[in-house]
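Hello,

Please find the structure we talked about below. My notes on what turned up in it follow.

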Amino acid sequence: MNLKSSLPLLGGLSPERFMRAHWQRKHHLVRQALPDFQGVVTPKEVLTLATRDEAQARLIIREGKTWHVEHGPFSAKALKSLPAKNWTILVQGLNALVPEADALMRQFAFIPYARLDDVMVSLAAPGGGVGPHFDSYDVFLLQGQGRRRWKISTQSDLTLRANTPLKILKNFSAEDEWTLAPGDMLYLPPRNAHDGIAIDTCLTFSIGFRAPSAQEIIVSGLEAIVDDQRALAVMQSRLSTDRRLTATTSPAHIPTQYADAFERTLNQMKWARADAEKLAGIYASTPKSNVFFDAPDPTISLAQFTKKIITSTLMFDANTIALYDSNAIYINGEVHLNPTLLRNFLDTRTRPPARSFNANETQLLYEWFCCGWVIFQ
């Protein structure tokens, strides 16, 4: 992709200019980002998805100032009995369930895949919404069928209401307001307060981009140490000592020497650049806990696979997260130290029939195929 060329998706801005002027900085409204876009699923298909076990679905109903949240899967009978207005069904991970949703998400490939989260669809009856709230991630809100009115604010007061099942802002004061029609899109950076209310039955597609919190980085670093048997053995061998501990008449009081031992140990946790890069790659490529892969059935041999890739297109399963840096390839949380293999495949996620596979590439692709990480189109 030429980053300097403009994209209708971004309202005529080049990806480079959009990232410089708006990304993580300022909202951006685009009229007809995808002209007359109606969606990659219909309302009926969303309702069907909400009945499936593998879909992460939620039903949100507002009754006056009271909010109700239910988690799927739902029965078809329950969905047919929904009221005429003030409800929303959310289905997350739509890109893993519908190929067209994955293709929609890939239109935002000017942003690194490491930041991609998923596509969520919102089916809302008139008056439906999830209340004024803020997200901790970047999001593009693309309007499909129907219309939705959006109110946004850059307010610093992000206090939440108490005793509600949703994270709803207590004091929301709108600064801007727009009605989005099919094909319109609104980009919002993290922590921008917003409230979207359906004017009529509508579909809204949220393309979200996550960034790890400090807590997630620290937890993943500690998990990496535990998983590294050599590092763990060294850590276990370093017993804390407190030879200067004295007798006490206050046995419930934590001695300062005890905290000293924690401080010394935590200060010894130094990370080299290579460690940080590896940890970042593993974290960014690890699928969510609800993601599972199906091995091919029936399976084929390496020889059969080698013949098939000459005549068939290979592609990543929609759930597969495959990334690379200058040192390694990271796929679904695993590390492969040859960074030059298959880079173009990781960028495009589709590899047409070719005779140019070398033995190492073929072996690696076959291993991924057997795991269900790559599939034939």
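**A salt bridge across the chain**

Asp118 forms a salt bridge with Lys288, and their closest N and O atoms are 3.5 Å apart. The two partners sit in distant parts of the chain, 170 residues apart. Asp118 belongs to strand 5, while Lys288 is in the loop between helix 9 (273-285) and helix 10. The count of salt bridges comes to 10. Please keep in mind that this is a predicted model, and that the values here are computed from it.

**The largest pocket**

Strand 5, which holds Asp118, also turns up in the lining of the largest pocket. This pocket contains about 1,200 Å³ of space. Its lining is made of 40 residues, and those closest to the centre are Arg58, Gln92, Asp135, Ser136 and Tyr137.

Which strand gives the largest share of the lining? Strand 5 does, with 4 residues. At least two lining residues each come from strand 4 (87-92), strand 5 (116-124), strand 6 (138-143), strand 7 (148-153), strand 10 (193-198) and strand 11 (202-209). Sorted by class, the lining has 16 nonpolar, 14 polar and 10 charged residues.

Helix 10 (residues 302-311) and helix 12 (residues 359-371) have axes that come within 10 Å of each other and cross at roughly 105 degrees. Helix 10 is therefore roughly perpendicular to helix 12, because angles from 65 to 115 degrees are counted that way. On the helix 10 side, the contact is made by Leu302, Phe305, Thr306 and Ile309. Helix 12 contributes Thr362, Gln363, Leu365, Tyr366 and Phe369. Of the residues in this contact, 6 are nonpolar, 3 are polar and none is charged.

**Backbone points to look at**

Most residues other than glycine have a negative phi, and most peptide bonds are trans.

- The peptide bond from Gly72 to Pro73 is cis, with omega near 5 degrees. Pro73 lies in the loop between strand 3 (66-71) and helix 3 (76-80).
- Asp297 and Pro298 are also joined by a cis peptide bond, with omega about 0 degrees. Pro298 is in the loop between helix 9 and helix 10, and Lys288 is in that loop too.
- Gln32 is not a glycine, yet its phi is positive, at about 55 degrees. Gln32 is located in the loop between strand 1 (28-30) and helix 2 (43-49).

Regards

Methods. Residues numbered from 1 in each chain as written. Predicted model: local features only at pLDDT ≥ 70, side-chain atom pairs only at ≥ 80, totals over all residues. Heavy atoms only, no water. Axes fitted to C-alpha atoms, helices over the stretch in contact; angles between N-to-C directions. Parallel < 35°, antiparallel > 145°, perpendicular 65-115°, else oblique. Contact = heavy atoms within 4.5 Å. Nonpolar A, V, L, I, M, F, W, Y, C, P; charged D, E, K, R; others polar. 1 Å grid on protein atoms, 1.4 Å probe; cavity = no way out; pocket = protein on both sides within 12 Å on 5 of 7 lines; lining within 4 Å. Points joined across faces, edges and corners; volume = space filled by probe spheres on them. Salt bridge = Lys/Arg side-chain N within 4 Å of Asp/Glu carboxyl O.
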